[in-house]
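My notes follow in the order I looked things up.

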Amino acid sequence: FTPPTSVAESTLALAVGPAPDAERLLQMLQRPIQQSNDPTVSVRIAGLRRMHDLLVRDYGDEARPESLLPSAALATVFEELAKPLFKRFGDPSEQCRELSVK
């Protein structure tokens, strides 16, 4: 195993490598969760997009997004994400509301 040397390689390694376990994923989600509660709309959008990127493999067809995690790990992660995501359902920004549903 050769560690990634750039951000692009790190992102690619995450995209094609094995899914991180729930504990590691929760660590990776801490900043996006905090961003989702920011008063600035653009920061909330960035946090919600990052959450989506970490959790869902999107093939461009919104009808069939696929989780990157096994069901047990997804349930653990969902416990931490439920409140921040449900809070965005009432966001004044339509884009934040849409991203929280994805």
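**Overall layout**

I read along the sequence and got the pattern α-α-α-β-β-α-α. That comes to five helices and two strands. I'm keeping in mind that this is a predicted model.

I checked burial next: of the 102 residues, 31% count as buried. The protein exposes about 6,900 Å², and carbon and sulfur atoms supply 56% of that area. For contacts between residues at least 6 apart in sequence, I found that 53% join residues at least 24 apart.

**The core**

Which residues have the most contacts inside the largest nonpolar core? I got Leu25, Leu29, Leu48, Met51, Leu55, Val77 and Leu81, in a core of 18 residues. Helix 2, helix 3 (41-55), helix 4 and helix 5 each give two or more residues to this core. Helix 2 gives the most, with six residues.

**Helix 2**

I went to helix 2 (residues 22-35) and checked its length. With 14 residues at 1.5 Å a residue, helix 2 should span 20 Å, and its end C-alpha atoms are 20 Å apart, so the two agree. Helix 2 still bends, by about 40° at Leu29, and the proline Pro32 follows within four residues. Leu29 is also listed among the core residues with the most contacts. I noted the buried residues of helix 2 as Ala22, Leu25, Leu26, Met28, Leu29, Pro32, Ile33 and Gln35.

**Helix 4**

Where does helix 4 kink? I found the kink at Leu81, about 50°, shortly before the proline Pro84. Both Leu81 and Pro84 are buried, and so are Ala73, Val77, Ala82, Leu85 and Arg88. I looked at what covers these buried residues of helix 4, and the cover includes helix 2, helix 3 and helix 5.

**Ser93**

Is Ser93 buried or exposed? I have Ser93 at 12% relative accessibility, and the cut-off for buried is under 20%, so Ser93 counts as buried. Leaving out residues up to four places away in sequence, Ser93 touches Val41, Arg44 and Ile45.

Terms used. Residues are numbered from 1 along each chain as its sequence is written. This is a predicted model: local features need pLDDT of at least 70, side-chain atom pairs count only at pLDDT 80 or more; totals for chains, interfaces and linings use all residues. Side-chain values use heavy atoms; hydrogens and water are left out. Buried means under 20% relative accessible area, exposed over 50%, partly exposed in between (1.4 Å probe, protein chains only). Contact means heavy atoms within 4.5 Å. The expected span of a helix is 1.5 Å times one less than its number of residues. The bend at a residue is the angle between axes fitted to the seven residues ending there and the seven starting there. Accessible areas come from the Shrake-Rupley method with a 1.4 Å probe; for residues, only the protein chains shown count as cover. A nonpolar core is a set of buried Ala, Val, Leu, Ile, Met, Phe, Trp, Tyr and Cys residues joined through side-chain atoms within 4.5 Å.
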